Amino acid sequence: MAPRNPVKRDSDDLSSDCSSDSFRKSTKPKRMHSLDKDSDEYKRRRERNNLAVKKSRSKTKLKTQQTVERVNQLRQENEMLEAKIKILTKELSFLKDLFLAHAGSAHGQNLTDSELRYLKNEVDSQAVIDSANQSA
């Protein structure tokens with residue numbers, strides 16, 4: 001097999017290759033000519049641009065309004081859930097007290113009927129208040 005001969009190139013050949021169009025970045029050519037402000041083409045472009053700006057601003061405004069509505073909706077939902085947590089916490093406390101009273105009665109400790117009614121009424125009245133607040 002014959003040895004390969006490297007292709008010799010002049011530095012001029014390399015520089016001409018690097019400056020060719022294939023090595024340049026492909027960007028859109030900028031418009032060099034400016035339009036006369038009185039021309040129909042200029043007015044048409046300004047009108048199209050103005051419409052595009054109005055459309056963009058209205059889309060942005062709509063998106064902002066939707067976001068604000070969603071935030072308000074989530075706030076209301078959060079308030080309802082917090083109220084529900086309060087109700088459930090009170091119910092849990094009542095049930096714990098009831099359980100302890102029952103367990104205590106097995107060990108000689110009794111809650112009186114009036115104490116049980118007081119605990120139940122307290123939980124019931126709080127539940128009514130919380131549900132009224134949720135409706136409002």
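Okay, let's start in helix H2, where Glu-41 and Arg-45 sit 4 residues apart, so about one helical turn separates them. Their side chains meet in a salt bridge, 2.8 Å from N to O. Just keep in mind that this is a predicted model.

Now, which other residue does Glu-41 pair with? That's Arg-44, again with 2.8 Å between the closest N and O atoms. Arg-44 and Glu-41 are 3 residues apart in helix H2, which is also about one turn. Put together, Glu-41, Arg-44 and Arg-45 form a linked network of salt bridges, and the structure holds 2 salt bridges in total. In general, side chains of opposite charge can pair when their charged atoms come close.

How exposed are these three? Glu-41 has a relative accessible area of 28%, so it counts as partly exposed. Arg-45, at 32%, is partly exposed, and Arg-44, at 40%, is partly exposed too.

Further along helix H2 we get to Phe-94. Buried or exposed? Phe-94 is buried, because its relative accessibility is 15% and the cut-off for buried is under 20%.

Stepping back, the protein has 3 helices and 0 strands, and 6% of its 136 residues count as buried. The accessible surface is about 13,000 Å², with 54% of that belonging to carbon and sulfur atoms.

Last thing, confidence. Mean pLDDT is 77. Helix H2, residues 40–106, is highest at 93, while helix H1, residues 11–18, is lowest with a mean of 50.

Terms used:
Residues numbered from 1 in each chain as written. Predicted model: local features only at pLDDT ≥ 70, side-chain atom pairs only at ≥ 80, totals over all residues. Heavy atoms only, no water. Helix = DSSP H or I, 4+ residues; strand = E, 2+ residues; numbered from the N terminus. Buried < 20%, exposed > 50% of the residue type's maximum accessible area, 1.4 Å probe, protein only. Areas by Shrake-Rupley, 256 points an atom, 1.4 Å probe, with all protein chains shown as cover. pLDDT = per-residue confidence, 0-100. Salt bridge = Lys/Arg side-chain N within 4 Å of Asp/Glu carboxyl O.
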